[in-house]
Every structure is written in C-alpha cells, then in structure tokens.
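Welcome! Let's take a walk through this structure together, beginning with the whole chain and then stepping into its parts.

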Amino acid sequence: RWCGPGAVSILTGCSTDDGSRLIRTVSGKRSTTGTSARDLSLVLEAFGFTLYRDEDHRHLDARKRPTLKQWFDKKQVKPWQTYLVFAGRHFQVIQGDLYTDNIVKDVIAFEDMDGKRRRFATAWQLYEPTEGIRMPSRIRGRAVVRGSA
C-alpha cells in the first residue's frame, strides 16, 4: 500500500483500505498515490488527533534540506513523543527512538532503519485524542463511504 494510507493505519489501527477510503473522501481523488500533507492531516484530525507542525523545510531546495538522521539527532525525540514525518517524498512515523512506515511494517529502532539519508521536508508532532481513537463517519461534512475500496 501507499505511505499515506499506511500512516493512517499505523496511527489509528484502521486497515489501509479504510485509510485509503478516508483519504479519498477528503481529496476527492480516485487514488491515494501522492497523498498531500493537507489531506493526511485532515484525516488524522477527523480521528481526533491534534497535529502541531514541528519544522518545515519544504521551501528549501531538496539538496539543502537536512537529512532525516540530522533532523532526528537535532530533535532528540522523547519516548512519549510521536511524529508524522515527511522525508524523501514519503510519510513515516517516529515515536521516541522507534520507527515504522508502510514498507518496514514492524516497529524498529531508528538506528536500524534504511533511508536515514532521505531529505527531511516537514514533521508534525501528534497528540492522540483523549476520548480514544474512533473511526470517523464524516470528514468536513462529507460522509465516509464504507465498503468501497
């Protein structure tokens, strides 16, 4: 699956099919290849997450952006902090010194992951909803169509 639905699935526990369906509801597109950061944040907010933009280097030429490793080392992510990171045109999730994405699928130590040289574009610190994570039935007034993959 693609990294947008993968990130939704990792963070919420829903299936990647449901993540894809929710992203398509927001974007109005027929596919979830190339999910925008805006669409992904709208979906996560519909689940009740609060997102705070941490850093944004998208305005810089890709060669001048820090690597994912440089961002990680500078940030010194605490064990309780969760970040949705966009680096190397790919969404990934970092919590403390742990890493996962739709390619790795398992939670691994950041130090053990491939792709630390991806160019860091932006990150959001995430806060889980206090009432628990629930599948939204509507996003921004639009009904979520169930059962259509």
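Of the 149 residues in the protein chain, 46% are buried. Keep in mind that this is a predicted model. The chain holds four helices and eight strands, and along the sequence they come in the pattern α-α-α-β-α-β-β-β-β-β-β-β. With a radius of gyration of 15 Å, close to the 15 Å that the globule rule gives for 149 residues, the protein chain is as compact as a globular protein of that length. Its C-alpha trace spans about 40 × 30 × 25 Å along the principal axes. The accessible surface is about 8400 Å², and carbon and sulfur atoms account for 47% of that surface.

How does the chain meet itself? Among contacts with a separation of 6 or more, 62% are between residues 24 or more positions apart.

Now let's look at helix α1, which covers residues 3–12. Nine of its ten residues are buried, so α1 is largely enclosed by the rest of the structure. Those buried residues are Cys-3, Gly-4, Pro-5, Gly-6, Ala-7, Val-8, Ser-9, Leu-11 and Thr-12. What covers them includes two helices, α2 (16–27) and α3 (37–46), along with the strands β2 (82–87), β3 (91–95) and β6 (120–127).

Strand β2, one of the elements covering α1, deserves a visit of its own. Five of the six residues of β2 are buried, so this strand too is largely enclosed by the rest of the structure. On which strands does β2 find its partners? It runs antiparallel to β3, joined by five bridges, and it also pairs with β6 in the antiparallel sense, over six bridges. Then move to Tyr-83, whose bridge partner in β6 is Gln-125. Three residues lie between β2 and β3, which form a hairpin, and Gly-88 in the turn has a positive phi of about 65°.

Our last stop is helix α4, residues 68–75, where Leu-68, Trp-71 and Phe-72 are buried. These three cover an arc of only 100° around the axis, which puts them on the same side of α4. Cover for the buried residues of α4 includes the strands β1 (50–56), β2, β3 and β6. Following α4 is Gln-76, with a positive phi near 50°.

Notes: Residues numbered from 1 in each chain as written. Predicted model: local features only at pLDDT ≥ 70, side-chain atom pairs only at ≥ 80, totals over all residues. Heavy atoms only, no water. Buried < 20%, exposed > 50% of the residue type's maximum accessible area, 1.4 Å probe, protein only. Contact = heavy atoms within 4.5 Å. Pairing = 2+ DSSP bridges. Arc of directions from axis to C-beta. Rg over C-alpha atoms; globule rule 2.2 N^0.38 Å. Areas by Shrake-Rupley, 256 points an atom, 1.4 Å probe, with all protein chains shown as cover.
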